[in-house]
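This report describes one protein chain from its predicted coordinates. Please consult the sequence and the model alongside the text.

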Amino acid sequence: MPHDQVRWHVLFSGKVQQVGFRYTAHLLARKLSLSGWVDNLSDGRVEMEAQGKISDLRKLIIQLKSQPHIHIQHIEITEIPCQKQSILPLSRPFFMHRPNE
C-alpha cells in the first residue's frame, strides 16, 4: 500500500439526501481515483468512507461542498486505518452503498 494513502470516515449533515449526493460523490471519487463507499443513514445524514491521497480526499470534500444542489451544514471527518487494495485503478471501486462486510 502506498505510504501517501489515507482513509477517512466522513459524516455529512444538512440537505444531503434526495439531492443526488451519493451519485455525485461516486462520480467525483472515481474521477479522483479514490476507493470507498457512500450511503444514506436513517437519521438523514450521509456516511462515507474514502481512501486515497490526502490531497484528493480534500478535493472531494471541496467539490461536494461546491455543488449547488447539495447543502452541507456539518462535516465530521475521522481518519481510520487504510484497507488493502490493488494498484489497478479498476480494482479500486467506489460504491454507492456500504459493501457487505
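## Basis and confidence

The model is predicted, with local features requiring pLDDT of at least 70 and side-chain atom pairs counted only at pLDDT 80 or more, while totals for chains, interfaces and linings use all residues. Residues are numbered from 1 along each chain as its sequence is written, and side-chain values use heavy atoms, leaving out hydrogens and water.

The predictor's confidence in each residue is given as pLDDT, on a scale from 0 to 100. Its mean over the protein chain is 88, and 86% of the residues reach 70 or more. Where pLDDT is low, the predicted coordinates should not be read in detail.

## Architecture

The protein chain contains 2 helices and 5 strands, arranged along the sequence as β-α-β-β-α-β-β. These elements are DSSP runs numbered from the N terminus: helices are H or I with at least four residues, strands E with at least two.

Of the 101 residues, 40% are buried, where buried means under 20% relative accessible area, exposed over 50%, and partly exposed in between (1.4 Å probe, protein chains only). Among contacts between residues at least 6 apart in sequence, 79% join residues at least 24 apart.

## Pairings of strand β3

Strand β3 (residues 46–53) is mostly covered, with 7 of its 8 residues buried. Strand β1 (residues 5–15) runs antiparallel to β3 and is joined to it by 8 bridges; strands count as paired if DSSP finds at least two bridges between them. Val6 has Gly52 in β3 as its bridge partner.

Strand β2 (residues 35–40) also pairs with β3 in the antiparallel sense, over 6 bridges. Asp39 stands opposite Glu47 in β3. The hairpin of β2 and β3 has 5 residues between the strands, and Gly44 in this hairpin takes a positive phi near 100 degrees.

## Surroundings of His71

His71 lies in strand β4 (residues 71–80) and is partly exposed, with a relative accessible area of 47%. Not counting residues up to four places away in sequence, His71 touches Ser13, Gly14, Lys15 and Val16. The C-alpha atoms of His71 and Val19 are 9.0 Å apart in space, although the two residues are 52 residues apart in sequence.

Definitions and conventions: Contact = heavy atoms within 4.5 Å.
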